Amino acid sequence: MSSSTLEVTHVTRRYGAGATEVVAVRDVSMTVAPGEIVLIMGPSGSGKTTLLSMLGALLRPSGGTISLNGTPISELPEGRLPEVRLHKFGFVFQDFNLLSSLSALENVAIVAQLAGAGPRRARERARDLLIEFGLGDRLAFLPEKLSGGEKQRVAIARALVNEPPLILADEPTANLDSKIGHEIMRLLRRVAKEQGRSVVIVSHDQRIKEIADRVLWLEDGQFKEMVTMAEDPVCKMAVEREKAADRLEHAGVTYYFCSRGCRKEFEADPARYLLPERTLQGASV
Amino acid sequence: MNRLAIRNLVQSKRVVLISVGGVTLALLLMLTLDAIFTGVERQITAYVDFSGADIWVSQESVRNLHMTTSSLPAGVAERVGEVGGVAEAVPILYLSNMIVTGEDRHLAYVIGLPPDASMGGPWRLAEGRPLSGSGQAIIDRSVAEGSGTSVGDEVEILGRALEVVGLAEGTASLVNSVAFIAAEDFAQLRGGGEAVSFVLVRVAVGAETASEVAARIETEVEGVTALPRAEFAAEERRVVRDMSTDVVTIMNLVGFLIGLAVMALSVYVATLSRRSEFGVLKALGAKTSDLNRVVILQSLLSVGIGFVLAAALTFALSMIIPSLSANLTLRLSAASLLKVAAASVVIAGAAALMPVRQIARLDPAMVFRGK
């Protein structure tokens, strides 16, 4: 997998024309850096799904450009988009969208085969991923025999099997209970931070803020607000930089804290908590 | 993707049952009809095939039995017998008429045989004895059983009551049967006259082929047509086939259309029921051609299973039916299997057309809209 930067430049999407025209996404620009987790939130009908579809080369923008590592994918001919989707994007859906007639292993392997892997290689890769995700004893299970969390882990394995640089997730925790939702969030974070993949999540779930590097608020097709997340190095809680209870410069890095207590603990023994800053700079709305 | 096609089929048991069942029945209709007609064709020439003659000599231009009349001068058998390469020549009389048993009337080829004829008689007697003189008849066993007639009973042939002295085996078809009477009775009942219908010829051992001898007969005996047995039988089959082609074509077309309708509907329903899954695959990066392959393979598999089942059932019927009805023989021919196999491929392809179009129009972005 090679790291890729996704750049969205003045993207607009209109539906209909004339009096019936609806602008779902209006002049949106953003950049997603390798390894970054971006959470897009917003009310229903704000254009989140349309934006996600455009980011995933499923829908063409009416205006503007979407580029991946400098290649304007929004301008590629229709015939090339399936290949781009196969190799550059991994999709995770709210309803898991596993193929009901295939086992967990086959659901993952089929995507590798679509990308050109031989059947044996595809199954090996699928097996390795599912074992890594704790589903080694569920390989032959049909989706109907899996729990919601297991289905979503299979879906994430499927999203990763072709080693795409970008993961696009649509409400990945919506159909899961709180515990399983956390599990999935941790998994997505691992995917981003350990494997250096960018993750764009569209969700209403506030809990996802905890793992996001940036939170973008989409309303009426436009980004209204940006929240940059950071992790309290002491208690490991996710905190919004702008609303952090306290902050401290140490060795040229800014640390954000959920409370003064955490800051004091950090100050007493920084080496104990010293972690590289994981938030990313430079994202703009 | 092949695995997906197979798994989809296996999982949609009800759809598969309907589609495979429907196609099986439609193809069974086509195959059985072909088998019946092939069987009838074979049965209809049974008399020619088993007559014992190597060559059939008839009135000039008469080339078969069915719906024809052949009249040759009485002395023609003698002249044919003198032709080089001919070992034996037996004149027979022939007319298509009825065997009347009480209220029942059975269509039959009535054959008038000279005394001690070495050819042209029944080749297998199930019961009774050969003809030994005037006032006797041999009819087919199944006709006798059907009408409650036994050896010793009387039947009416050419308007005269004749005693049944024997029951022949294998001389009935779905269309008619063969009845044997003495040539003397035949001539008398027909109003006298010395004419014969056909001359059956046996070629001398070691002589030329039947074709060569037949050609010589035509050259040396005026006003006759001489055909080797196989050719005469083929002409007979051709006439029957020509008469039944339209019926067979129409019934085959009906079978084809039923099969197509059932398959088209079931493949369409199967695709429709997995529309969202096809959308997911498209979103993940599957090309439309990948998905088409799944649909076409599903269609081909259903039709293939249907074809195998239909062929097996037709084969089973061809074993069972003759034991239930002696007059009906089903014969599954390679030509028929090839024809129906080709029709099956067309059905599978045509049935997949609509779903293929549906897949082409599928918007992959639907996966994010929860459709």
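## Basis

The model is predicted: local features need pLDDT of at least 70, side-chain atom pairs count only at pLDDT 80 or more, and totals for chains, interfaces and linings use all residues. Residues are numbered from 1 along each chain as its sequence is written, chains are lettered from A in written order, and side-chain values use heavy atoms, without hydrogens and water.

## The open sheet

Four strands of chain A form an open sheet in the order β2-β1-β4-β5. Pairing is antiparallel. Strands here are DSSP E runs of at least two residues, helices are H or I runs of at least four, and both are numbered from the N terminus. Two strands pair if DSSP finds at least two bridges between them. β2 (22–32) and β5 (71–72) of chain A are the edge strands, each pairing on one side only.

Five bridges link β1 (residues 6–15) and β4 (residues 63–68) of chain A. Leu6(A) faces Leu68(A) of β4(A) across this pairing.

Helix α1 (residues 48–55) of chain A lies across β1, β2 and β4. It runs at about 125° to β1(A). Axes are lines fitted to C-alpha atoms, for helices over the stretch in contact (heavy atoms within 4.5 Å). Angles run from 0 to 180 degrees between N-to-C directions.

## Strand β3

β3 (residues 37–41) of chain A has five of its five residues buried (under 20% relative accessible area, 1.4 Å probe, protein chains only). Ile37(A), Leu39(A) and Met41(A) lie on one side. Val38(A) and Ile40(A) lie on the other.

β3(A) pairs in parallel with β8 (residues 198–202) of chain A over four bridges. There, Leu39(A) stands opposite Ile201(A). Four bridges also join β3(A) to β9 (residues 214–219) of chain A, again parallel. Val38(A) stands opposite Arg214(A) in β9(A).

Technical notes:
Buried < 20%, exposed > 50% of the residue type's maximum accessible area, 1.4 Å probe, protein only.
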